[in-house]
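The sequence and the structure are shown first, followed by the description.

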Amino acid sequence: MTGESNGRLFPKICEACLPDAPGATDRKTEQFLQNKLEWFLSTYLEFPQISRIFKLQDFATAVTGPNTVGALAEAGRHQPQIIFEYSGVTVTWWSHKISGLHVDDFILANRTEDLFAAPG
């Protein structure tokens, strides 16, 4: 069964939340990063994550970013790191249960881009 958010379907249970879920391959990670040049591989933890800094026009716009990403994360049953600063938001995705990247992280990264690209 699926749930819906913003017209998009999400699985009821996050596959990446299962401790035996397969991690994203190095090749899949490389492909994502080659196609999404503003995302970068972060290893501030002991395993890879993907991060992006979204520069926004002003404080008023930036302050809404964490809640917008939070709603996406909740709908996708996933929890990113979200850092809010004066005119920007840094979002870092990874899968906690597998301590690494899963294909779901790339999907949610793409959806995060959509959120910040949407008008208004």
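Two strands are taken as paired if DSSP finds at least two bridges between them. The model is predicted. Its protein chain has three helices and six strands, which follow one another from the N terminus as β-β-α-β-β-α-β-β-α.

**Sheet**

- Four strands form an open sheet in the order β3-β4-β6-β5, and their pairing is antiparallel.
- β3 (40-42) and β5 (81-85) each have a single partner strand and stand at the edges, so one side of each is left without a neighbour in the sheet.
- From one strand to the next, the twist averages 25°.

**Pairing along β4**

- β3 and β4 make a hairpin, with six residues between the two strands.
- Antiparallel pairing joins β3 to β4 (residues 49-55) over three bridges.
- Within this pairing, I50 of β4 is the bridge partner of L41, and S51 of β4 is the bridge partner of F40.
- β4 also pairs with β6 in the antiparallel sense, over six bridges.

**Nonpolar core**

- The largest nonpolar core has 20 residues, of which F32, W39, I50 and W93 touch the most other members.
- At least two residues of this core come from each of α1 (26-35), β4, α2 (59-75), β6 and α3.
- α2 supplies four residues, the largest share of this core.
- Leaving aside residues up to four places away in sequence, F32 touches W39, I50, F106, A109 and N110.

**Whole chain**

- The protein chain has 120 residues, and 39% of them count as buried.
- Among contacts with a separation of 6 or more, 62% are between residues 24 or more positions apart.
- The chain exposes about 7,200 Å², of which carbon and sulfur atoms supply 53%.

Note on methods
Residues numbered from 1 in each chain as written. Predicted model: local features only at pLDDT ≥ 70, side-chain atom pairs only at ≥ 80, totals over all residues. Heavy atoms only, no water. Axes fitted to C-alpha atoms, helices over the stretch in contact; angles between N-to-C directions. Core = buried A, V, L, I, M, F, W, Y, C linked by side-chain atoms within 4.5 Å. Buried < 20%, exposed > 50% of the residue type's maximum accessible area, 1.4 Å probe, protein only. Contact = heavy atoms within 4.5 Å. Areas by Shrake-Rupley, 256 points an atom, 1.4 Å probe, with all protein chains shown as cover.
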